[in-house]
Amino acid sequence: MYTILIACFSINDTGDIISAIHHNALPLAPTAAATGEEALARILDSTAAAPFDILLVNIAASVRNGFALSRQARLLSPCTRIILCGAPYNPECMQEAICIGIQDYLLDSATNREIVASLRQTLSSIADAQTQQQNRSLQTHIVKSHLLWLALHDENFHADNSSFLGRYYHMLMLDNKNEYFNGQAAPFWQSLEELPLPDLIAFSTRLEEIFDLKKNEKANSLIYTKYCFLELVKIMLKTGCISADPEALSDQICRSGSISELLQTIRRLADSSADSPRETSADSLKVGKVKQFICQHYEEPLSLNDIAAHFYITPNYLCAIFKRETGGNVMRFLNDYRLKRACELLLVTQMKVHQIAEAVGFRNTSYFCQKFRDAYGETPESFRQRTAAVPVTMHFPG
């Protein structure tokens, strides 16, 4: 049932319109207002709860007052459909009606039958608009449901894809708690639950090992991983090995856009809570693993970003801890190690210089020769000839 306010008609005219509404079984609940002031008062009373669906205004007595009422009604209740009755056939008045946004403009010769026809057309317009809104809401619901499903199940889904997900994270994680810890996803949580707390050095080492395995795994979603980390933080707070604002920390974890960000958050927690010697020891372990990785993959086209991504840390963080622990530069260490391997190949093989350059990870022979000359003061070919003629003991950097 819809609502209609019949304004500025005489008592008899109002009664005739209400009778016509009932006679034609129009789904309208009528309210009458004899004057424009009374109509505005009723519109004000209705807007807070349920605004009128239709406003039927008679402007035959005063065109100016009728238009004034229509303009005020449009401001107070933008969704109300306005029909003007008794309007003059006047282009200026019609133009003003268009500017106000009038639904229908009935001339002063309009009969009750024409009013009923206009009401039917307006009701149909309202119903169509409601159907369109319902369809849009349904489509939005389907899209959001799909995004929520992806957030739960797709490892490659990023929260940045949809800002609306933020307010759902806590709800999603709570709703899926049983699935996380009793289903196939349970092993990852169990590996975190067994982390050696409160020993933060052992904790950091074991955490890195877990994520070395985790990075190639696609079975668990990012949101599942976030829940696991929230539970892990609870344990860290309970054991007293970290001190932080639980609410702020929870929000930071929920808003993380990748596993790398999650790992960084936990790592910073552990580092900030450890005393200075322990923090240094944890960094030493990390730098040791970086060196080991370089020694195992030096022949590949490694960049600083590649190395940092392998350990789920940022390039800046990698450079900082490497500099603090070794006093040197990550890429300098990589180049020095490649040159060391190149020296060995020059001594024990007959490979050409360009083949050796490629074998140790240099994709440009000229660049390789330049770096070799900078390090050893001679070209690779000169080094091979000299060391072949006079056996020496080489001391390589790094």
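Which residues do ring pairs link into a cluster? The close-ups below, all drawn from a predicted model, start there.

View 1. F362, Y367, F368, F372, Y376 and F383 are joined into a cluster by ring pairs. One of these pairs is Y376 with F383, whose rings are tilted, with 6.2 Å centre to centre and 35 degrees between the planes. Both Y376 and F383 are buried. Look also at F362, where the charged end of R338 sits over the ring, 5.7 Å from its centre.

View 2. Among the nine aromatic pairs of the structure is the one formed by F322 and F333, edge-to-face at 5.9 Å centre to centre and 65 degrees between the planes. This pair links distant parts of the chain, with F322 in helix α15 (residues 315–326) and F333 in helix α16 (residues 330–348), 11 residues apart. F322 is buried, with a relative accessible area of 2%. F333 also counts as buried, at 13% relative accessibility.

View 3. Within α4 (residues 91–100), you will find C93, A97 and I100 buried. These residues cover an arc of only 60 degrees around the axis, so they lie on the same side of α4. What covers them includes α3 (63–76), β4 (81–87) and β5 (104–107). P91, E92, I98 and C99, on the other side of α4, are exposed.

**View 4. The ends of helix α4.** N90 caps the N-terminal end, placing a side-chain oxygen 2.8 Å from the backbone nitrogen of E92. After α4 comes G101, with a positive phi near 95 degrees.

Technical notes
Residues numbered from 1 in each chain as written. Predicted model: local features only at pLDDT ≥ 70, side-chain atom pairs only at ≥ 80, totals over all residues. Heavy atoms only, no water. Buried < 20%, exposed > 50% of the residue type's maximum accessible area, 1.4 Å probe, protein only. Helix = DSSP H or I, 4+ residues; strand = E, 2+ residues; numbered from the N terminus. Arc of directions from axis to C-beta. Contact = heavy atoms within 4.5 Å. Polar contact = N/O pair within 3.5 Å; in protein donor to acceptor, adjacent residues only side chain to side chain. Phe/Tyr/Trp six-rings, centres within 6.5 Å; stacked < 30°, edge-to-face > 60°. Lys NZ or Arg CZ within 6 Å of the ring centre and 35° of its normal.
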